[in-house]
Amino acid sequence: MDKVHVFNAGPCLLPQVVYDKAIEAIKDFKGTGVSLLSISHRTKEWEATMDETRALWKELLNIPDDYEVVFLGGGASLQFLYVAMNYLEKKAAYLETGVWAKKALKEAAGIGNAYAIASSADKNFSYIPKGYEIPKDLDYLHITTNNTIYGTEIKEDYDCPVPLIADMSSDILSRPVDVSKYELIYGGAQKNAGPAGVIFAIIKKDSLGKVSRYIPTMLDYRTHIDKGSMFNTPPVFSIYVMNETLKWVKSLGGVEAIHKIDVRKAETLYAEIDRNSLFRGTAVKEDRSIMNVCFVMAEGKEELADEFMAFAKGRGMIGIKGHRSVGGFRASLYNACTQEDVEALVKAMQDFENLKK
Ligand SMILES: Cc1ncc(COP(=O)(O)O)c(C=O)c1O
């Protein structure tokens, strides 16, 4: 097969070494003679994997001692409900920066008093709202740091006067994070942290236990902290692949090193979008995501969209169709996507421009 360049938004590309390790473990998990898919999660070999995975998260993100990391099923979408169940008592605010932020708010509004403190819906979520007042009496402010569909990103850790909760599904492990500024960071693993089927939640332990409602056992973060994410059968395959993905991040020099690589990839592609007369970016420049790069045909060139898509496909580009709510193209440059992949896309854009001259 000719070389392909995978820009899928998630599940997305993972490093080849991670695929190889997963195949090995499916055949024989750690020399036990048992497949990873059949290993009991109560064996010492599996418990060692859980411990190591937690330790890798703590090391890579420099997570303070008063935090714990849990791994659960249900996707980031179920975390929207966990957040409200565990933290919403009187009032919570959500920064409405896209579809995922809206879905998170919807779950909270079903549980209690939750509202959008600011929104960029007026411009199809092409920017991150700023300058809004944060009332001091909020239980928390919820943000979505990277808006996968629209290609906008909050690239700093806010100094927030109230507890801050972040969905970091699509930019975790792409930059160093000051975890101490958050009560909770959560996300689906299926972008930078591994395959689909598991979420990570980084929880400040003393932030829990402050709501008066009954929290169903499975929805209570304390259950999973107490049981080391093994209250019920954990998604062993997904956690194993996450473990290998984290080891790969560490082998590259950790998140600081990865951040430099990611920034270079994004700058390469944005530079071409800004230079090329056939394309334009959709997100405002200051809020451009380094993970999801969204662009459309330039004004007056819209009719070339299908032709470019076919042209790019012919060059091995996979997964560059934009989300239907934005249209155009989206290249997701998660950690395993290489500079070479990005340059192949840039070359396709340049060649297409030359073809149309
Ligand atoms: C920022 C963000 N939050 C939440 C989700 C939902 O994740 P899941 O499919 O794991 O429920 C996604 C999925 O792409 C996402 O990009």
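Two strands pair if DSSP finds at least two bridges between them, and helices (H or I, at least four residues) and strands (E, at least two) are DSSP runs, numbered from the N terminus. This is a predicted model, where local features need pLDDT of at least 70, side-chain atom pairs count only at pLDDT 80 or more, and totals for chains, interfaces and linings use all residues. Residue numbers start from 1 along each chain as its sequence is written.

Start with strand S12 (residues 292–297), which runs antiparallel to S14 and is joined to it by four bridges. Asn292 sits opposite Ser332 in S14. Along strand S14 (residues 329–332), Phe329 and Ala331 point one way while Arg330 and Ser332 point the other way, and all are buried (20 or more other C-beta atoms, placed from the backbone, within 10 Å of their own).

Finally, what surrounds the ligand? Its shell (residues with a C-beta atom, placed from the backbone, within 6 Å) includes Trp100, Asp167 and Gly188. Helix H3 (residues 75–87) gives the largest share of that shell, three residues.

How values were computed. A residue is buried if 20 or more other C-beta atoms lie within 10 Å of its own, exposed if 12 or fewer, and partly exposed in between; C-beta atoms are placed from the backbone.
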